[in-house]
Amino acid sequence: MNAYQINKGGAAGPCCFVVFGANGDLTKRLLVPALYNLAATGLLPENFCIVGVVRRPMEGDTFRQMLVDGLKQFATRPVDQAVADKLFGCVTSVVAQVDDPDSFKDLAKHLEKVEAGRNTGGNRLFYLATPPNGFAPITRLLREVGLSQEEEGGPWRRVIVEKPFGTDLASAQALNRQLLSVLTEDQIYRMDHYLGKETVQNIMILRFANGLFEPIWNRDHIDHVQISVAETVTVERRGAFYDQTGALRDMVPNHLCQLLSLIAMEPPARYAAHSVRSEKAEALAAITQYTPEQAILNSVRSQYGPGIVKDQAVTAYRASQDVNPKSVTPTYTAIKFAIDNWRWAGVPFYLRTGKALAKRKTEIAIQFKDAPIAMFRDTSLSGMGPNTLVLDIQPDEGITLHFNAKVPGPKMDLAGVGMEFKYKDYFEAAASTGYETLIYDCMIGDAMLFQRADGVEAGWSAVQPFLDAWGIAGERGLSTYAAGSEGPAASDIMLARDGRSWRPIG
Ligand code: BG6
């Protein structure tokens with residue numbers, strides 16, 4: 001197949017979907033509803049089977065029943081029983097453990113048997129929904145027992161690797177090396193679920209399928225960019241994971257850097273995986289590497305204290321389950337990035353993300369340079385605001401262009417107004433998990449919405465100076481914010497220093 005000719009639309013070709021970590025939360029909550037939605041829209045192949053790899057033996061039909069229950073609980077659309085029965089009719093499970101290489105031989109035997117029964121042609125999608133320490137040993141053992149090799153003209157074998165992909169630059173590089181020693185880059189699909197979101201996919205369409213924006217998408221016209229991912233959720237029961245991770249590692253090298261790279265990238269030569277992923281990685285690679293002093297100056301880290309979120313009392317982060325009471329892990333971070341290339345030199349990209357904030361909102365705001373105001377020197381300009389293009393990624397998906405208008409009446413007053421596009425006014429999209437596109441794309445061999453090794457590493461490179469500087473600073477410089485607020489004052493101060501301010505979250 002020519003790498004540029006991928007036909008989307010019809011059912012994917014025959015394959016076996018093998019999920020590791022099969023009885024985990026991700027399988028139930030996201031994979032099962034996503035597979036169901038693909039089945040319901042005719043995008044799963046006829047010759048298909050699901051094999052769950054579990055660590056301990058399960059009685060008879062327990063695994064299938066777990067998937068059935070998962071769908072009942074997490075389906076995003078009304079369930080058609082016939083579709084569900086057909087989907088679950090092809091489910092089996094097998095026991096395998098990474099510390100028992102022989103169990104992978106059993107997995108191989110199991111696969112051969114079910115694949116022959118379902119005529120899947122040997123095509124395999126391995127979905128690694130396990131904790132990250134499983135990624136390297138699983139792929140190594142798959143290779144050792146001959147399950148993941150591809151041969152010229154033979155069936156395809158692909159591996160979806162969930163996040164987190166490493167915990168810093170060095171560990172991400174090490175993981176890439178391990179994976180690439182047993183698989184080729186074309187076989188590895190590194191997951192970032194933000195790329196499955198329709199509004200995120202639309203960023204490229206907005207920029208490159210419209211003639212209007214690209215000519216002004218640069219440092220001549222843009223003053224700065226704000227990328228905000230505000231969450232109302234707290235660490236909930238994820239304290240053990242989160243306290244080791246924190247807001248920066250959890251969100252910035254992956255989700256926020258993906259958003260940044262889609263805004264900052266150069267137009268790719270083709271709407272195809274290779275071109276798009278190359279341009280995204282280039283944009284990230286142009287981010288200025290700060291010294292430790294610059295990293296401290298251009299960042300904020302903070303933890304939520306007690307407060308009220310959506311009318312519910314929230315206890316302080318440090319008082320949360322499985323969190324060290326003296327933890328210095330940030331639950332909020334704001335960063336000012338500089339992108340040192342011809343398009344963006346001098347245009348700051350401000351990023352912020354945090355938990356237990358006033359409102360759930362992901363948005364990208366492109367703020368344009370002010371108009372020259374000499375013409376209005378004898379006129380009241382109090383109502384005049386900046387021109388801003390706001391991409392509402394979630395939950396209220398849309399795009400708004402803010403500009404100035406005259407307030408009707410004999411007086412000359414100005415006010416900010418908005419031209420608003422809401423997805424729901426134009427399109428009727430069935431609710432989905434966001435994983436449908438990603439699973440389907442992997443089945444048809446389209447890697448555009450997955451991360452390539454260089455892209456993942458570029459994301460980690462961008463945040464590494466902050467990890468290093470914060471590691472040295474310890475508690476020094478860590479602030480707190482009230483749960484349910486807009487975030488710490490330090491974040492506002494960072495922008496105020498540049499004569500700018502954050503758009504409100506709430
Ligand atoms: C995950 C993070 O990757 O993304 C979570 O681990 C975070 O901490 C989540 O809550 C946010 O995703 P979404 O789709 O709800 O914005």
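Predicted model: local features only at pLDDT ≥ 70, side-chain atom pairs only at ≥ 80, totals over all residues.
User: What makes the length of α6 agree with that of a helix?

Analyst: Helix α6 covers residues 169–182, which is 14 residues. At 1.5 Å a residue, they should span 20 Å. The end C-alpha atoms are 21 Å apart, so the two values agree.

User: Which residues of α6 are buried?

Analyst: Leu169, Ala172, Leu175, Asn176, Leu179 and Val182.

User: How do you know on which side of α6 they lie?

Analyst: They cover an arc of only 165 degrees around the axis, which puts them on the same side of α6. The face turned away from that buried side carries the exposed residues Arg177 and Ser181.

User: What do the buried residues of α6 pack against?

Analyst: They pack against α5 (135–144), β5 (157–161), β6 (188–190) and α13 (453–473).

User: Why is Asp250 called buried?

Analyst: Its relative accessibility is 4%. The cut-off for buried is under 20%. Asp250 therefore counts as buried. Asp250 sits in helix α8 (residues 239–264). Its contacts beyond four places in sequence are Lys163, Arg238, Phe241, Tyr242, Thr245, His255 and Lys355.

User: Why does Lys355 count as buried?

Analyst: Lys355 has a relative accessible area of 3%. Buried means under 20%, so Lys355 qualifies. Lys355 is found in the loop between β11 (349–354) and β12 (361–368).

User: What makes the pair Lys355 and Glu231 a polar contact?

Analyst: The distance joining their side chains is 2.6 Å. The cut-off is 3.5 Å between N or O atoms. The pair is therefore a polar contact.

User: Which residues are around the ligand?

Analyst: Lys163, His193, Tyr194, Lys197, Glu231, Arg238, Asp250, Met251, His255, Lys355, Arg360 and Gln394.

User: Which residues does UniProt list for "binding site"?

Analyst: The unreviewed UniProt entry lists His193, Lys197, Glu231, Asp250 and Lys355.

User: Why is Ser320 called buried?

Analyst: Its relative accessibility is 13%. The limit is under 20%, so Ser320 counts as buried. Ser320 lies in the loop between β9 (312–314) and β10 (332–337). A polar atom of its side chain lies 2.9 Å from the backbone oxygen of Tyr317. Not counting residues up to four places away in sequence, Ser320 touches Val235 and Tyr304.

User: What makes Ser491 buried?

Analyst: Ser491 has a relative accessible area of 1%. Buried means under 20%, so the label holds. Ser491 has its place in helix α14 (residues 489–496). Beyond four places in sequence, Ser491 touches Val300, Tyr332, Ala334 and Trp502.

User: Why is the pair Ser491 and Tyr332 called a polar contact?

Analyst: Their side chains are joined at 2.7 Å. The limit is 3.5 Å, so the pair counts as a polar contact.

Technical notes
Residues numbered from 1 in each chain as written. Heavy atoms only, no water. Helix = DSSP H or I, 4+ residues; strand = E, 2+ residues; numbered from the N terminus. Expected span 1.5 Å × (residues − 1). Buried < 20%, exposed > 50% of the residue type's maximum accessible area, 1.4 Å probe, protein only. Arc of directions from axis to C-beta. Contact = heavy atoms within 4.5 Å. UniProt positions renumbered as here; feature names shortened; annotations may be inferred. Polar contact = N/O pair within 3.5 Å; in protein donor to acceptor, adjacent residues only side chain to side chain. Near = heavy atom within 4 Å.
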